[in-house]
Each structure stands twice: as structure tokens, then as C-alpha cells.
Amino acid sequence: MKEESNVKASGTHRIEFLDYLKAICVLMVIITHYDWTDKTSPFFTMLINMAVPVFMIISGYNFAMSNCKKADGKLGKMYGWNIMKPKLIRFLVPFFAICLIEIALLVVEERAIHPLRIFLLGAYGPGSYYVPVMLQLLIIFPIIYILVDRNAKVGIAVAGVANLLFEIAVKIFEVDKYFYRLSIGRYLLLIAFGCYLYLHPEHRVKRYQMWTMFLVGFAYIVAVFGFNKDLMLFDYWKTTAMPVAFYIFPIVILLFRRFYHSRIPGILGRLLTWIGQASYHIFLVQMVYYHFELGGAIMQTVWYIAVPFNILVSVPMGLAFYELDNLFIQKMKQVTHYVKAMV
């Protein structure tokens, strides 16, 4: 069964569909970080706020694909330096560059600089928890992979129970919201769902199972945001809490089934692919852009002016940052090879 599921991703070509999905999600991230007066409408709770859950599912999928191809799904190899190194470079090089930019802006604005807060706790800006969460994922993902690979139902169940136990511990020990946001624990089920999507055929999820999951997640969203119900758990980040995974996963499955092999022709397809490839860099740029209010007074105008403006600033800057990062890494590899050859 697993061999059948991996046929789609066995080639060396890039999967454009994943880039399209990431491109749409990063645009949604930029949209949601505008200072909206109301973010509890169905438009936000059922669509725009799904950007991060979808990103987490894609992360689980991509990590599974990488570990399957490069480490043969073996636990020891997945923790090997050859596997970890490129991932660390991909996350940390652009992140440290953003940290330096934020330090420079703090100096210009004559504000206090806290190196620990900047370098170790995700820097400043909306979504600054993302990098620490991804670094934790590097550590725990091989375990999730092994569990889901050996038995899909058991693996997902273990991830779901671990996610739930994390939320219970947060409640019992009254974990501060600031530290809660930095933990991968709140996304374990989403990551496992993404891992499952790669390792096992999508059609194994029966229609009634998809409807059951969807209705559970949908009921949570309606209860919390439509009727203002206060649940015992999930006090923080309710828009992306664990029950939301049941709402968004069936939708992602349908998108995979319908559009996985699709390609958008022309300049639009190439642009979406480029934005998807640069989604992490665009995300980092929007952190700085929003935190330091680089858009000036226009950021405070009506949404139909501010939001397009925010996108037209953040996306090109993120694309340029992505290209510069690629160039820097390429040059560093050349220097490394040159030094090794000289030695």
C-alpha cells in the first residue's frame, strides 16, 4: 500500500501543487495579520485562519517525503547530520539574517535589544513562534514518522493523544501563553496527518470518516466562534487548536485528490510556484514588516487599500530575500568546496 502512495512523489520533478498551496497560505498569513476589527467571522475562522494548520500538514508531508527518500525511513539515518544539516541551514540562515535586520531596526528606533528573545525565541513580529516550533519538529519528527509508517492508525492515535495530553498539561500547570505558543506540542496531530498523507494512500480515508472528522472540527469552530462557548481546554490560539485539525484535514485530502497533479500554465503558475518556494522567506519578511510598521500610515487605512499594499510590499521583498539567500548558500558551498580542495 505504501508503495502505491509514493508513486506521486517518486519523481525528481517539483510538486507544483504543494507550492501553490504554500503560496495561497502565505498570502492568507499576510491578510490575517492586518489589524482587522473582527476575526471571528466565518471568513476568518473557516478559511483565512486555516493557513497555519495547512502549513503544518504540508510540513509533515514534506518531512516524510524527505526522510523517506534520503534516509530510507530509518530512524538512525533520520537523526544523522547529513539529513539534519540541510534542514538547519534552510531554517536558520534566513532566520539569523532577519534577526540581524531586527536588531538594526531596534538600534535605529533606540529601543532595547534582547538577544535571547531575538535569536532563541523566534525574534519579533506576528508568527515569531514558527522557527522555534520547526526546530523542535526536526527533533521529534523521526519518531512520528516511525509510528505512522509502521501503523497509520496507531501512529495518528499516539500523536493525537500526545497533543491532547499536552493541552491538559498546559491547563493543569497554567503554562503561560507566551511559552505555549513556542511548543510543537499543539501541532502534533496536524504533523501526523501530513506524515500520513505521504506514507499511506489517501483513499484509505473513507468518505464517512472524512465527514465525521469534518463535522467534529466544524462543530468546534461553530461552538467556539459562533456561540462563544468556553471549552475546558484550548484556551490559547483557539483558531488553530487541536480540534481544527479534524476540520481542515478532510479538506486537504480533497485538495490532494483533485489537484495534486495539476499545473497552472503561464505566468500565474510560475509566480505561484515562486511564491510557494519562497513562502518561508516571505513569512519572515512579513514578521519584520508588521512589527516595525514599515508600511507607515497606509497600514492603518481601510482594508481594501492596506491589505493589497501589505501583500505588494511583503511578497516582492520576500522573493528578493529568497533569491539572495539561495545565492548566499550557493557561494558558501563553493567556498567550502574550495577550502576542502586546498586542504
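A crossing of two helices is right-handed if the near helix is turned clockwise from the far one by less than a right angle, and left-handed if the turn is anticlockwise. By this rule α9 passes α11 in a right-handed crossing. The model discussed here is predicted.

**Helix pairs**

Two packed helices are described by the angle between their axes and the distance between the axes.

| Helix pair | Angle between axes | Distance between axes |
|---|---|---|
| α2 and α16 | about 130° | 9 Å |
| α9 and α11 | roughly 165° | within 8 Å |
| α11 and α13 | roughly 20° | within 11 Å |

The axes of α9 and α11 cross at roughly 165°. Angles over 145 degrees count as roughly antiparallel, and α9 and α11 are therefore roughly antiparallel to each other. On the α9 side, the contact is made by A152, I156, A159, G160, A162 and N163. On the α11 side, L188, L189, A192, F193 and Y196 take part. By class, this contact of α9 with α11 has nine nonpolar and two polar residues, with no charged residues.

Helix α11 also packs with α13, and their axes cross at roughly 20°. That makes α11 roughly parallel to α13. The crossing of α11 and α13 is right-handed. Here L189, L190, F193, Y196 and L197 of α11 meet A245, F246, I248, F249, V252, I253 and F256 of α13. The contact of α11 with α13 consists of 12 nonpolar residues, with no polar and no charged ones.

The remaining pair in the table joins α2, residues 16–32, to α16, residues 303–342. With an angle of about 130°, α2 and α16 are therefore oblique to each other. Their crossing is right-handed. From α2, the residues L27, I30 and I31 meet V307, N310, I311, S314 and V315 in α16. Six nonpolar and two polar residues make up the contact of α2 with α16, and no charged residue is part of it.

**The second largest pocket**

At least two lining residues come from each of α9 (152–172), α11 (188–199), α12 (207–226) and α13 (244–259). Helix α9 supplies the largest share, four residues. The lining of this pocket divides by class into 10 nonpolar, two polar and three charged residues.

**The cavity**

Rolling a probe the size of a water molecule over the atoms shows where empty space is left. The structure holds one cavity of 30 Å³ or more. About 40 Å³ of space lies in the largest cavity. Its lining is formed by F63, N67, M78, I83, M84, K87, L137, L138, F141 and P142. Helices α4 (51–71), α6 (81–108) and α8 (130–150) each contribute at least two of the lining residues. Which helix gives the most to the lining of the largest cavity? Helix α8 does, with four residues. By class, the lining of the largest cavity has eight nonpolar residues, one polar residue and one charged residue.

Key
Residues numbered from 1 in each chain as written. Predicted model: local features only at pLDDT ≥ 70, side-chain atom pairs only at ≥ 80, totals over all residues. Heavy atoms only, no water. Axes fitted to C-alpha atoms, helices over the stretch in contact; angles between N-to-C directions. Parallel < 35°, antiparallel > 145°, perpendicular 65-115°, else oblique. Contact = heavy atoms within 4.5 Å. Nonpolar A, V, L, I, M, F, W, Y, C, P; charged D, E, K, R; others polar. 1 Å grid on protein atoms, 1.4 Å probe; cavity = no way out; pocket = protein on both sides within 12 Å on 5 of 7 lines; lining within 4 Å. Points joined across faces, edges and corners; volume = space filled by probe spheres on them.
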